[in-house]
Amino acid sequence: QVQLVESGGGLVQAGGSLRLSCAASGRTFSTYAMAWFRQAPGKEREFVAAISWSGGSTYYVDSVKGRFTISRDTAKNTVYLQMNSLKPEETAVYYCAARDGGRYGLNYYSSIEDYDYWGQGTQVTVSS
């Protein structure tokens, strides 16, 4: 089992920045990739970004490319999501997720079903 705890959410004005953190504990040695998803009110949970745990390669949904950066600190078992130039429509609960095992590129793992463990989520509110 892997436990994930997100932090760093909050209220920010449009155009502002936030940095989310996700601390992992438990059986992290088998983690292949970690990702961030978000779920806005009344909408389905959607993929935002993923990072491979060992090599650090990354993959982003097109709408956040150039504004969001996913990174990880393997010594701290922590994944980060730096979010810049935030938009009001990006108001959502942001979830961290982890996947055990994998053999394909990160672009193959962008669905909810591709991840085994989930955090409780952290609220991000972007005001206009």
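Strands here are DSSP runs of E of at least two residues, and helices are runs of H or I of at least four, both numbered from the N terminus. The model is predicted, so I noted that local features need pLDDT of at least 70 and side-chain atom pairs count only at pLDDT 80 or more, while totals for chains, interfaces and linings use all residues. Residues are numbered from 1 along each chain as its sequence is written, and side-chain values use heavy atoms, with hydrogens and water left out.

**Entry 1: β8 and its neighbours**

I looked up what pairs with β8, where pairing requires at least two DSSP bridges between two strands. Strand β7 (residues 68-73) runs antiparallel to β8 and is joined to it by 6 bridges.

I then asked why β8 is largely enclosed by the rest of the structure. The reason is that 5 of its 6 residues are buried; the cut-offs for relative accessible area are under 20% for buried, over 50% for exposed, and partly exposed in between (1.4 Å probe, protein chains only).

**Entry 2: backbone at the two ends of β8**

I checked phi in the loops. Most residues other than glycine have a negative phi. N77 is not a glycine, yet its phi is positive, about 50°. N77 sits in the loop between β7 and β8, a hairpin with 4 residues between the strands. With a relative accessibility of 22%, N77 is partly exposed.

S85 also has a positive phi of about 50° and is not a glycine. I located S85 in the loop between β8 and β9. Its relative accessibility of 38% makes S85 partly exposed.

**Entry 3: salt bridges**

I counted 4 salt bridges in the structure, taking one as a side-chain nitrogen of Lys or Arg within 4 Å of a carboxyl oxygen of Asp or Glu. Which residues are linked in a network of salt bridges? They are R38, E46, R67 and E90.

R38 pairs with E46, with the closest N and O atoms 2.7 Å apart. R38 is buried at 7% relative accessible area, whereas E46 is partly exposed at 38%. R38 also forms a salt bridge with E90, at 3.3 Å between the closest N and O atoms. This second pair links distant parts of the chain: R38 lies in strand β4 (residues 31-39) and E90 in the loop between β8 (78-83) and β9 (92-100), 52 residues apart. E90 is buried, at 3% relative accessible area.

I also noted K65 and D62, whose side chains meet in a salt bridge at 2.9 Å, N to O. K65 is partly exposed at 47%, and D62 is exposed at 62%.

**Entry 4: the largest pocket**

On a 1 Å grid over the protein atoms alone, a pocket is an open set of points where a 1.4 Å probe fits, with protein on both sides within 12 Å along at least five of seven lines, and lining residues have an atom within 4 Å of a point. About 160 Å³ of space lies in this pocket, the volume being the space filled by probe spheres set on points joined across faces, edges and corners. The lining includes R38, E46, R67 and E90, the residues of the network above. Among the other lining residues are K43, E44, K87 and E89.

**Entry 5: nonpolar cores**

I last looked at the cores, each a set of buried Ala, Val, Leu, Ile, Met, Phe, Trp, Tyr and Cys residues joined through side-chain atoms within 4.5 Å. The largest core has 29 residues, of which L4, M34, W36, L81, M83 and Y94 touch the most other members. Strands that each supply at least two residues of this core include β1 (2-7), β3 (18-26), β5 (46-52), β8 and β11 (122-127). Apart from it lies another core of 9 residues, including A50, L106, Y109 and Y115.
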